[in-house]
Amino acid sequence: MQITGTFLDEISHDIPHQNWSEKEWDMDFGHMKRAGINTVILIRSGYRKFLTYPSAYLINKYNCFAPPVDLVDMFLSLADKHGMQFFQVDEHMK
C-alpha cells in the first residue's frame, strides 16, 4: 500500500514555524510529489496568536500576529504547480 497524502502543521508552540522560504517549500513539495504524494492537508491555520494567513479580522479583533508570509496562498500555489490537491482542515484556535 502506498501513502498518497500527508499533513502539514505549520503552526505550533514548540517548534519554529514559518522558517522556510518558498524555495524550501517548493523543494519539499517536489520531494513529496516524487515520493507519490498527491494530497497535502494543512491541519491548522491558527494557534493562539499565530496565523498562517493574514486575517485582518483576527489581527484586529484578537491581536493575532500578522504572518510575514501568507502560507495558505503559498501552499495553494505550490500544490497547483506540482499537480497536487490541497485541503485545509481547521480546528478552533486555542
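**Close-up views of the predicted model**

**View 1. His82 touches Asp26, Phe29, Gly30 and Lys33, leaving aside residues up to four places away in sequence.** Contact here denotes heavy atoms within 4.5 Å. The model is predicted: local features need pLDDT of at least 70 and side-chain atom pairs count only at pLDDT 80 or more, while totals for chains, interfaces and linings use all residues. Residues are numbered from 1 along each chain as its sequence is written, and side-chain values use heavy atoms, with hydrogens and water left out. His82 is located in the loop between helix 3 and strand 5 (85-88); helices (H or I, at least four residues) and strands (E, at least two) are DSSP runs numbered from the N terminus. The relative accessibility of His82 is 18%, so this residue counts as buried (under 20% relative accessible area; exposed is over 50% and partly exposed in between, with a 1.4 Å probe and protein chains only).

**View 2. The protein contains three helices and five strands.** Along the sequence these elements follow the order β-α-β-β-β-α-α-β. The protein has 94 residues, of which 36% count as buried. Of the contacts between residues at least 6 apart in sequence, 68% join residues at least 24 apart.

**View 3. The buried residues of helix 1 are Trp25, Phe29, Gly30 and Met32.** Viewed down the helix axis, these buried residues of helix 1 fall within an arc of 160 degrees, so they line one face; the arc is that of the directions from the axis to the C-beta atoms. They pack against strand 1 (5-8), strand 2 and helix 3. On the face of helix 1 turned away from the buried side are the exposed residues Lys23 and Arg34. Just after the helix, Gly36 adopts a positive phi of about 100 degrees.

**View 4. The largest nonpolar core comprises 15 residues.** Such a core is a set of buried Ala, Val, Leu, Ile, Met, Phe, Trp, Tyr and Cys residues joined through side-chain atoms within 4.5 Å. The members with the most contacts inside this core are Leu8, Trp25, Phe29, Val40, Phe75 and Met84. Helix 1 (22-34), strand 2 (39-42) and helix 3 (71-81) each contribute at least two core residues, and helix 3 gives the most, namely six. Beyond residues up to four places away in sequence, Trp25 touches Leu8, Glu10, Trp20, Leu71, Met74, Phe75 and Leu78.

**View 5. Ring pairs join Trp20, Trp25, Phe29, Phe75 and Phe86 into a cluster.** Rings of Phe, Tyr and Trp (its six-membered ring) pair if their centres lie within 6.5 Å; planes under 30 degrees apart count as stacked, over 60 as edge-to-face and the rest as tilted. In the pair of Tyr57 and Tyr62, the ring centres are 6.2 Å apart and the planes stand at 75 degrees, so the arrangement is edge-to-face. Tyr57 is exposed, at 52% relative accessibility, and Tyr62 is partly exposed, at 46%. For Phe75 and Phe86, the ring centres are 6.2 Å apart and the planes stand at 45 degrees, so this pair is tilted. The pair links distant parts of the chain, with Phe75 in helix 3 and Phe86 in strand 5, 11 residues apart. Phe75 is buried, with a relative accessible area of 0%; Phe86 also counts as buried, at 14% relative accessibility.
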